[in-house]
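Subject: Structure handover and notes

Hello,

Here is the structure I said I would pass on. My notes come after it.

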Amino acid sequence: MEKLKTLEELAEEYLVLYRRILEEEAREPGSVRYEVLKAAAVYSDRKLLLEKLRELARGYGGCVSCAYSKPCENWPFPECRWCELGLAQDTCGKWTLIE
């Protein structure tokens with residue numbers, strides 16, 4: 001059985017991703033798209049990130065509010081998620097509210 005993810009665990013995945021983005025930009029200035037760099041800078045604040053993730057979980061369906069979601073690696077905004085089970089959002093049948 002798959003382990004359900006909490007908002008705190010999802011936030012930690014984002015924070016790891018944002019640290020990598022900021023480190024990449026520090027190593028090679030200009031290598032990260034501006035909007036991605038801005039999101040990484042803004043949402044590197046754990047409290048702000050958790051607030052945003054809670055807001056999205058309450059207001060949206062699909063992957064954005066699912067306990068089986070993970071950050072999109074190539075577009076790491078809180079509104080963009082992939083299914084860690086590899087399922088399509090419209091036909092998944094595994095959706096479970098993240099808490």
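Predicted model: local features only at pLDDT ≥ 70, side-chain atom pairs only at ≥ 80, totals over all residues.

Residues are numbered from 1 along each chain as its sequence is written, and side-chain values use heavy atoms, with hydrogens and water left out.

Core. The largest nonpolar core has 20 residues, and Tyr14, Tyr18, Ile21, Leu49, Leu53 and Ile98 are the members that touch the most others. (A nonpolar core is a set of buried Ala, Val, Leu, Ile, Met, Phe, Trp, Tyr and Cys residues joined through side-chain atoms within 4.5 Å; buried means under 20% relative accessible area, exposed over 50%, partly exposed in between, with a 1.4 Å probe and protein chains only.) At least two residues of this core come from each of α1 (7-27), α2 (34-42) and α3 (46-59). The largest share, eight residues, is supplied by α1. Helices (H or I, at least four residues) and strands (E, at least two) are DSSP runs, numbered from the N terminus.

Tyr14 is in contact (heavy atoms within 4.5 Å) with Leu49, Leu53, Pro71, Pro76, Phe77, Pro78, Cys80 and Arg81, leaving aside its neighbours within four places in sequence.

Helix pair. The axes of α1 and α3 come within 10 Å and cross at roughly 125°, which makes α1 oblique to α3. Axes are lines fitted to C-alpha atoms, for helices over the stretch in contact, and angles run from 0 to 180 degrees between N-to-C directions. Angles under 35 degrees count as roughly parallel, over 145 as roughly antiparallel, 65 to 115 as roughly perpendicular and the rest as oblique. On the α1 side, Leu7, Glu8, Leu10, Ala11, Glu12, Tyr14, Leu15 and Tyr18 meet Arg46, Leu49, Leu50, Leu53 and Arg54 of α3.

Loop residues. Trp75 sits in the loop between β1 (69-71) and β2 (81-83). Trp75 has a relative accessible area of 33%, so it is partly exposed. Not counting residues up to four places away in sequence, Trp75 touches Arg33, Glu35, Val36 and Cys80. Glu28 is in the loop between α1 and α2, and with a relative accessible area of 52% Glu28 is exposed. Glu28 and Lys38, 10 residues apart in sequence, are 16 Å apart in space, C-alpha to C-alpha.

Regards
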